[in-house]
Amino acid sequence: MSLRQMEYFLTVVEESSFTRAAELLHVTQPALSHQIKALEKSVGGALLERMTRGVGLTPMGRAFLPHAELAVRSAARAQRAARAAAGAEGGELHIAAMHAVAVGLLPEVFARWRRAHPGVRLLLHEYGTTEQLEEQVERGVADLAIGPRPLHWTGAVTGVGEEEIVLAVPFDDGLAGRTRVELGELAELAWVRCAMEPVVHGRRFLDWACAQAGFSPRTAVWTEHTSTAVRMAAAGVGIAAAPAHVVRGAVGEDCAVLSVEPAWRRELTVFTRSEPAGVLGAFVRTVTEVLAVHTR
């Protein structure tokens with residue numbers, strides 16, 4: 001069994017076709033079929049079956065698939081890690097981030113990084129929860145993740161700063177002339193909520209925070225993304241809570257921003273499978289520098 005055979009197997013599965021897989025792999029179809037048969041012989045049974053509409057997995061193939069994916073990704077990750085540790089130009093970094101971090105913080109991080117390291121390509125993967133970030137780094141999809149401190153991560157975690165969660169309201173709202181507000185003052189107002197809202201003590205953050213202030217938030221709209229919630233707030237749909245770097249930097253030009261008293265703050269981290277060194281370490285330092293500017 002070879003890594004190349006597993007790569008061939010994965011390509012056939014992704015394309016559901018030997019013909020298309022052979023074209024993508026730049027090999028002849030007979031050569032591809034030969035390698036798949038050799039792989040099946042080494043594992044002791046059929047992994048693929050030809051169907052009326054393409055190629056499907058056998059029960060043995062379904063069991064083999066996640067392990068083949070991990071093996072191929074681990075090999076790619078090992079190559080990236082070696083190049084990153086050596087500071088090699090021409091390499092690449094796969095970065096997993098929360099959507100709000102990607103929208104509000106990473107444009108400045110990436111711009112600064114590209115000026116200093118133009119030969120290292122960056123590939124961004126966006127997710128909605130910290131648990132998804134952990135999974136993607138564990139599976140080798142990403143070399144590092146940026147988000148709140150993970151709860152179950154056993155690898156390296158580096159604190160890079162903190163973000164403040166602020167409130168967005170329209171410029172013509174009665175609260176727009178203020179800079180701070182106590183949460184209890186908002187009990188009668190409507191909220192624009194986001195599906196990516198973190199969970200605190202088993203409850204969505206806003207539900208938990210408002211309960212501490214003695215009320216339940218009245219939800220006007222649910223959105224999928226933080227940036228959408230801020231735009232909705234700017235249009236007057238309701239109040240939205242979002243990281244300050246999203247509201248003030250990326251999508252909040254058309255709304256007023258208020259801090260909550262006492263302030264809502266949470267730590268941001270970068271987490272990796274091992275201690276970040278070389279290019280990985282340089283990227284962590286870049287994130288730290290940009291966050292320091294945002295939180296002054």
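Reader: What makes strand β5 count as mostly covered?

Author: Strand β5 runs over residues 144-148, and five of its five residues are buried. Buried means under 20% relative accessible area, exposed means over 50%, and partly exposed lies in between (1.4 Å probe, protein chains only). Do keep in mind that this is a predicted model, where local features need pLDDT of at least 70 and side-chain atom pairs count only at pLDDT 80 or more, while totals for chains, interfaces and linings use all residues. Residues are numbered from 1 along each chain as its sequence is written, and side-chain values use heavy atoms, with hydrogens and water left out.

Reader: Which strands pair with β5, and in what sense?

Author: Two strands pair if DSSP finds at least two bridges between them. Strand β3 (residues 92-98) meets β5 over three bridges, in the parallel sense, and strand β14 (residues 264-272) meets β5 over five bridges, in the antiparallel sense. Both counts reach the limit of at least two, so both are pairings. Ala145 of β5 is the bridge partner of Ala96, and Ala145 also stands opposite Phe271 in β14.

Reader: How do you know how many helices and strands the chain has?

Author: Helices are DSSP runs of H or I with at least four residues, strands are runs of E with at least two, and both are numbered from the N terminus. The chain has 11 helices and 14 strands.

Reader: What span is expected for α3, and what does α3 reach?

Author: The expected span is 1.5 Å times one less than the number of residues. Helix α3 (residues 29-43) has 15 residues, and its first and last C-alpha atoms are 21 Å apart, close to the 21 Å expected.

Reader: What puts the buried residues on the same side of α3?

Author: The buried residues of α3 are Leu32, Ser33, Ile36, Leu39 and Glu40. They lie on the same side because they cover an arc of only 120 degrees around the axis, the arc being that of the directions from the helix axis to the C-beta atoms. On the other side, Pro30, His34, Lys37 and Lys41 are exposed. After α3 comes Gly44, with a positive phi near 95 degrees.

Reader: Which residues touch the most other members of the largest nonpolar core?

Author: Those are Leu93, Ile146 and Phe283, in a core of 35 residues. Several elements each supply at least two residues, among them β3, β5, β14 and α11 (278-294), and α11 gives the largest share, eight residues. A nonpolar core is a set of buried Ala, Val, Leu, Ile, Met, Phe, Trp, Tyr and Cys residues joined through side-chain atoms within 4.5 Å. Not counting residues up to four places away in sequence, Phe283 touches residues including Leu93, Trp113 and Ile146, where contact means heavy atoms within 4.5 Å.

Reader: How many residues does the chain have, and what share is buried?

Author: The chain has 296 residues, and buried ones make up 45% of them. Its C-alpha trace spans about 70 × 45 × 30 Å along its principal axes.
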